[in-house]
Amino acid sequence: MQKKILFGVKIIALFGLAFFFVLHIIMPQYPYAYLAAYVDKLERENSISEPKIILMGDSNVAYGIRSNMLEEAIGMPVVNMGMHAGLGQTFCMDLAKKGIQEGDIVVIMPAYYSDADGLKDGTLAWMMLENKLGLIFNVRICDFPALIKGFPAYFKRAVECWKNGLGGIEHTRESFNHYGDISAASDTNIMEEGWLPSYPFETEINIELMDYYNEYNQFVQKKGARMVMASMPIIDLMIDGRYDEVIQRQERVIEKLDFPVISDWGDYVYPAEYFYDTNYHLNDRGADVRTKQLINDLKSWMEQSGDMSRGDLKRF
């Protein structure tokens, strides 16, 4: 009997050592990478006790907003939660729920509307979660299959980084400022043809995603906050004069949402020289122009909703 107990203790100790080795030696291997910055964004969101503006979306929000300009114009602290389209539109929004409080304004600016509700790439998600594993308790059950599927590829990469001493070589996390903005540090367009050959205005608009947004809006309202949608940046070379398609797509989105869309998407169509390295990432000049437009849209909505208490309501 004692031998069985001793054997059991050894097995538990072995598993414990293996678990410690994985969590503290193999992981994390991406503490300074782009995705690790979401931990910083969450910390800022949770640290602000007064009403704030929370910007949500993929990398079009990370590369494309000047939060200091927005904060000064509206008179509220700003957190830029923009991250990565590869994660889908909902995963990061779920993790940000805890930081929403009374008086906040949540502004969502998705670049894609064809995504389903749920995590897209579990491997990318692990590169984020490894830096704060406690976040896994804020992940919805429906996202765990993607996390399980993505773990082997993530863990293989992590082991290779550990074996080759490559962990932490990427330092893009440091490119974000304290608001959560990432600057292109350039006024140039570095795309070879000036744009990437993809057209963002496909007819498909996923109903699951629209339902998720509406449910999220209900959550936001229960917190005593408000939620609106604004536009992504649109490169004019992709439109080639087809502005009617932009408006038609906006109208299709509006009719499926239970909360305000404050932007006229036609106001966010910009020349190629305002973009940086993708059709959705703005360079510094483009980010300035887009932020000024967003400020005008927010102030117009605040005027219409009777909120005249913040900002000087100056138009750009």
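**Close-up views of a predicted model**

View 1. Helix α2 spans residues 37-47, and its buried residues are A37, Y38, V39, K41, L42, R44 and E45. Buried means under 20% relative accessible area, exposed over 50%, and partly exposed in between (1.4 Å probe, protein chains only). Helices (H or I, at least four residues) and strands (E, at least two) are DSSP runs, numbered from the N terminus. Contact means heavy atoms within 4.5 Å.

This is a predicted model, in which local features need pLDDT of at least 70 and side-chain atom pairs count only at pLDDT 80 or more, while totals for chains, interfaces and linings use all residues. Residues are numbered from 1 along each chain as its sequence is written, and side-chain values use heavy atoms, with hydrogens and water left out.

**View 2. The whole protein.** The secondary structure comes to 11 helices and six strands. The protein has 316 residues, and 51% of them count as buried. Take the contacts between residues at least 6 apart in sequence: 84% of them join residues at least 24 apart.

**View 3. Helix α4 against helix α11.** Helix α11 covers residues 284-304. Its axis and that of α4 lie 9 Å apart, at an angle of about 30°. Axes are lines fitted to C-alpha atoms, for helices over the stretch in contact, and angles run from 0 to 180 degrees between N-to-C directions. The two helices, α4 and α11, are therefore roughly parallel. Angles under 35 degrees count as roughly parallel, over 145 as roughly antiparallel, 65 to 115 as roughly perpendicular and the rest as oblique. From α4 come M69, L70, A73 and I74. From α11 come D288, T291, K292, L294, I295, L298, K299 and M302. By class, the residues of this contact are eight nonpolar, one polar and three charged. Ala, Val, Leu, Ile, Met, Phe, Trp, Tyr, Cys and Pro count as nonpolar, Asp, Glu, Lys and Arg as charged, and the others, Gly among them, as polar.

**View 4. T291 in helix α11.** T291 is buried, with a relative accessible area of 0%. Leaving out residues up to four places away in sequence, T291 touches G64, I65, R66, M69 and L70. T291 and G64 are 227 residues apart in sequence, yet 7.6 Å apart in space, C-alpha to C-alpha.

**View 5. Helix α6 across helix α7.** Here the angle is about 70°, and the axes are 7 Å apart. That makes α6 roughly perpendicular to α7. The crossing is right-handed. On the α6 side are G122, T123, A125, W126, M127 and L129. They meet A146, L147, G150, F151, A153, Y154 and R157 in α7. This contact of α6 with α7 has nine nonpolar, three polar and one charged residues.

**View 6. E193 in the loop between α7 (144-164) and α8 (207-222).** E193 is exposed, at 59% relative accessible area. The C-alpha atoms of E193 and A272 are 9.8 Å apart, although 79 residues separate the two along the chain.

**View 7. Cysteines C92 and C161.** C92 is buried at 9% relative accessible area. C161 is also buried, at 13%. A search of the whole structure finds zero disulfides (pairs of cysteine sulfur atoms within 2.5 Å).

How values were computed
A crossing is left-handed if the near helix is turned anticlockwise from the far one by less than a right angle, and right-handed if clockwise.
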